[in-house]
Amino acid sequence: MNEDNARFCLLAGLILLYLLCGAAIFSALEHPFELRARRLWKQQLDNFTQRYRVNLGALHTLLRQYEEANGAGIRVDMLRPRWDFSGAFYFVGTVVSTIGFGMTTPATIAGKIFLIFYGLIGCAATILFFNLFLERIITMLAYIMRWCHERRLRCGGVGVMSSKEETPGEEDSLEDWKPSVYYVMLILGVASIVIACSASTLYSSMENWSYVDSLYFCFVAFSTIGFGDLVSSQRQQYESQEAYRLGNCLFILMGVCCIYSLFNVISIVIKQTLNWILGKLVCSGRHQRSSCSTRRHCYRDGSVETVCDSETDAGAVADGVYVGRRMSGEMISVNEFTVSNKVSLALLQKQLSETAHQGPRQSYGHQNGFSGGVGALAIMNNRLQETSVDR
């Protein structure tokens, strides 16, 4: 079994274990509440039928009819129309963003068929938008981190010349500096928290939700889970209604973009953790050796990847350039991530490092018409490029 297959199997096993643990925890937390709700509902039905002398079968028929009307947007309390233009616009927004709250669904056959084709194109275009947003936010963060690093060097007296006449010490310090993906993850995490807390303040005041419920809704909506138990901007009237609906759309848009970017960066950290676990497993299987051997992988473009399984010997080769050793306590740099994740989401990190050094951003497919990217888009582009080379 090669390294990629081993990583895939390890990840699948860990996800299965994660699902089992999550199911056990949620079952312990929510199942007692479900049983109490069932008992209470049965008691209320019995009391109602005895008090008003209503046939239980007829009451069940009425309740089923109400469930059908509920699916069409009919509620006991007055809510905004579901299929006027503003309601339909809110619906298509939840479709293309893959949030899918579920409070509004097409009831006609023509509407269901149209949704299939509409969602196919809309979801694909939105995923492309999220990837392009991620690429630009990473570029912006790279410039900001480099500017902060240069300012710290100047304040420390490393470089006192102008930017056009940098001293050799400052130039070496900037060249050796490698932005860490952990800083990117921290910045995106803080931005997501700020957006979620600000939006929760708005929702708790406008929707009369508790602050915890508002935070819960923000995560469910921003991560595109979209359960639909809580949905914003559904009442018929609000104070400052137009301003609230505009703010609601902006918060959801910014939240979805930030959480999507954060998920991509976290996935890189998870993959690096899997590589570390695999390295430890390989090391544990080798007896009477002080350090693990170095594995070298050659790629089509002539570049060489060197992966060291030893924790203290973390030198690496990225595109044929030695990027130095990393002490065990130092955070993993973007270059080192790129080494261990060659054709993967680590293209995001490679872009981050190249942008920070203001170097040329290489495209994997100039000769074949395929452009680079990030996330799932990067994997697809590289596979297309490799296929084109094979042909």
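Author: In this predicted model, Trp41, Leu45, Phe48 and Thr49 of H1 meet Leu56, Leu59, His60 and Leu63 of H2.

Reader: How do the residues in the contact of H1 with H2 divide by class?

Author: Six are nonpolar, two are polar and none is charged. Thr49 and His60 are part of that contact, and they count as polar because neither is on the nonpolar or the charged list.

Reader: How do you know that the span of H2 agrees with what a helix should have?

Author: H2 (residues 56-71) has 16 residues, so at 1.5 Å a residue the helix should span 22 Å; the C-alpha atoms at its ends are 23 Å apart, which agrees.

Reader: What makes asparagine 55 a cap for the N-terminal end of H2?

Author: One of its side-chain oxygens sits 2.9 Å from the backbone nitrogen of glycine 57. The cut-off for a polar contact is 3.5 Å, so that pair counts.

Reader: And what about H7 and H8: why roughly perpendicular?

Author: H7 (residues 211-222) packs on H8 (residues 241-284) at about 65°, their axes 8 Å apart. The perpendicular range is 65 to 115 degrees, so H7 is roughly perpendicular to H8. On the H7 side, Phe219, Ala221 and Phe222 make the contact, with Gly255 among the residues of H8. By class, this contact has eight nonpolar residues, one polar and no charged.

Definitions and conventions:
Residues are numbered from 1 along each chain as its sequence is written. This is a predicted model: local features need pLDDT of at least 70, side-chain atom pairs count only at pLDDT 80 or more; totals for chains, interfaces and linings use all residues. Side-chain values use heavy atoms; hydrogens and water are left out. Axes are lines fitted to C-alpha atoms, for helices over the stretch in contact, and angles run from 0 to 180 degrees between N-to-C directions. Helices (H or I, at least four residues) and strands (E, at least two) are DSSP runs, numbered from the N terminus. Angles under 35 degrees count as roughly parallel, over 145 as roughly antiparallel, 65 to 115 as roughly perpendicular and the rest as oblique. Contact means heavy atoms within 4.5 Å. The expected span of a helix is 1.5 Å times one less than its number of residues. A polar contact is a pair of N or O atoms within 3.5 Å; within protein, one must be able to donate a hydrogen and the other to accept it, and residues adjacent in sequence count only if both atoms are side-chain atoms.
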